[in-house]
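Reader: I'm new to this one. Could you walk me through its cores and pockets?

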Amino acid sequence: MTPPDRVRHATAGQPGRAGAASRAVTRTISDDPLGGTVRRTVLPSGLRVLTEAIPTMRSVSFGIWVTVGSRDETGPQAGAAHFLEHLLFKGTHKRTALEISSEIEAVGGETNAFTTKEYTCYYARVLDEDLPLAIDVMCDAVADSVLEPADVETERGVILEEIAMHDDEPGDEVHDLFARAVYGDHPLGRLISGTEETVTPMTRRQIQGFYRRRYTAPQIVVAAAGNLDHATVVRLVRQTLRGTPLDTDPAEPGTPRPTTPAVRTKPATVLVEPKETEQAHVILGCPGIDRVDERRFALGVLNNVLGGGMSSRLFQEIRERRGLAYSVYSYASQYADSGLFAVYAGCAPGKVDEVLQLTRAELAKVAADGLTEAEVARGKGMSKGSFVLGLEDTGSRMSRLAKGELLYGDLMPVDELLARVDAVTVADVNTLAAELLSRPMSLAVVGPFGKHDFTG
C-alpha cells in the first residue's frame with residue numbers, strides 16, 4: 001500500500017526521450033516501526049535503487065538483482081543465466097578476479113551470488129564504513145565484466161563439476177525431478193544449472209549476447225539495507241556505473257512478470273530415477289497457486305500445519321509416532337504465473353510404500369475435514385513469527401526490498417503483511433485445502449526402484 005504522506009523529490013538528470021523520466025525520481029516508501037526508513041529512486045536509465053536505513057546496525061548488505069533466470073532461456077541456452085553468474089566475478093576492465101575477491105575480503109566482507117528460475121542476485125555484506133567499496137566492486141563486476149575466453153573455459157569445467165555433484169545428491173535431485181514431472185519441457189521444469197549437453201557446447205559469444213541483451217538498466221534493482229544514507233548510495237551507484245554498458249539513455253523501469261496466461265502443467269505422472277542409494281527420496285505434490293494469488297496467506301498457514309515444523313501433522317505422524325523417516329516436510333513454491341505444493345520425505349527404501357500411504361491419507365483427511373481452529377491459529381503464529389524473525393539481519397532486509405520491487409512492484413509494509421496473515425480464517429484455509437489437496441498428485445522418486453514399483 002502506498003502511504004498518503006509519501007515524499008517525492010527529483011534530482012538532476014540527463015534529458016531523455018518521450019515517455020521516460022529525464023531525472024532521477026526519489027520517494028520515501030515507508031518509515032516502518034519494525035524496520036528503518038525505506039526509500040526508492042528510479043534513475044533516468046530505468047535502474048532502480050532501494051534502501052532501508054537502519055542506524056542501529058554496523059553493517060550493510062548490498063545487492064544487485066536482475067530479472068533474468070533460467071526460465072528466460074531457450075532450450076539450447078539452458079544454463080546460460082547460471083553460467084553468466086559464475087563469469088561476472090572473473091574480471092572487469094578495472095579488476096582481475098583476484099582483486100574482486102581480495103578487495104572485499106581485505107575489509108572482512110563477503111560476496112556471493114545465486115541464480116533462480118526468475119532472477120539472479122549478486123550481493124556483498126560489509127561494515128557500514130566499507131559500503132562505498134562494496135558498491136564500487138559489485139557494480140563494476142555486474143556492469144562491466146569482460147568474459148575472457150579462458151575464464152569461460154575454466155568456469156565451464158567448474159559448472160560441469162557442479163552438475164555432477166548435484167547428480168550425487170539425490171535429496172536435491174528429486175526436487176528437480178518433481179519440477180519436470182509437473183512442468184515437463186517448460187523452462188520451469190528445467191535445471192537452473194543446465195545440463196552437460198547444453199553447457200558443454202555453449203560459446204562465449206552466446207553468453208556475451210545473453211549478458212548484453214538481458215542485463216539492461218530497466219531490468220536491474222539495486223537494494224541495500226543497514227547503516228546507510230540513501231542519497232549517498234544513489235550517488236555512488238551512479239558514479240560507479242558512469243561510462244559502463246548500464247549507463248544508457250533514459251528508459252522506463254521494468255515491471256513484474258506477467259501473471260497470465262498461467263503455465264500449462266502436465267497431467268499427474270510418476271517419474272523415477274533409479275539409483276542404488278541407501279535412502280529413498282520421494283516428493284508427492286501438485287500444481288499450486290502463483291505468488292500474487294490472494295490465497296497465498298492461507299496457503300502459508302496450511303503449509304505450516306501440514307508439514308512446516310516439528311509440530312506439523314506429517315512430521316508427527318510419519319517421524320515422531322512411527323519413526324519411518326528422518327526428514328519429512330511440505331513446501332510451496334510460487335512463480336509469477338504458476339506454483340507447486342508438495343511433500344518431501346527421505347526414508348529407507350523398504351518404508352516408501354508406507355510413507356506414501358500415510359502422506360496420501362493425511363492429505364485426503366485435511367482435504368475432507370479441514371484444519372481445526374487451534375491448528376489455524378498455530379499456523380498463523382508460525383507465519384508471523386518466521387517472517388518477523390527473518391528480518392533480524394541486513395541480508396534478509398535487503399532481499400525483502402529487492403523481491404518486493406522485482407516480484408510485486410511494491411513493498412508491503414510489515415504491519416500490513418502481519419494483518420493479512422491475521423485476517424486468514426479457518427474457512428479460508430479449509431476451502432483452499434479442499435480444492436488444492438484434491439488435485440491429482442504427481443510423484444517423483446530417486447532410489448533403488450523402477451517406475452513399475454509405483455504403478456497399479
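**Cores and pockets**

Author: In the largest nonpolar core, which has 53 residues, the members touching the most others are Leu47, Phe62, Tyr122, Tyr215 and Val237. Helix α3 (residues 131-143) gives the largest share of this core, 9 residues. There's also a second, separate core of 45 residues, with Val305, Leu314, Val328 and Ala367 among them. This is a predicted model: local features need pLDDT of at least 70, side-chain atom pairs count only at pLDDT 80 or more, and totals for chains, interfaces and linings use all residues. Residues are numbered from 1 along each chain as its sequence is written, and side-chain values use heavy atoms, leaving out hydrogens and water.

Reader: What makes a set of residues a nonpolar core?

Author: The set must hold buried Ala, Val, Leu, Ile, Met, Phe, Trp, Tyr and Cys residues joined through side-chain atoms within 4.5 Å. Buried means under 20% relative accessible area (1.4 Å probe, protein chains only). Leu47 and Phe62 are in the largest such core, so each is a buried residue of a listed type.

Reader: Which residues lie nearest the centre of the largest pocket?

Author: Gln334, Phe387, Lys403, Tyr408 and Leu417, out of 38 lining residues. α13 (394-408) is one of the elements giving two or more residues to that lining, and its share, 7 residues, is the largest.

Key. Buried means under 20% relative accessible area, exposed over 50%, partly exposed in between (1.4 Å probe, protein chains only). Helices (H or I, at least four residues) and strands (E, at least two) are DSSP runs, numbered from the N terminus. On a 1 Å grid over the protein atoms alone, a cavity is a set of points where a 1.4 Å probe fits but cannot get out, and a pocket is an open set with protein on both sides within 12 Å along at least five of seven lines; lining residues have an atom within 4 Å of a point.
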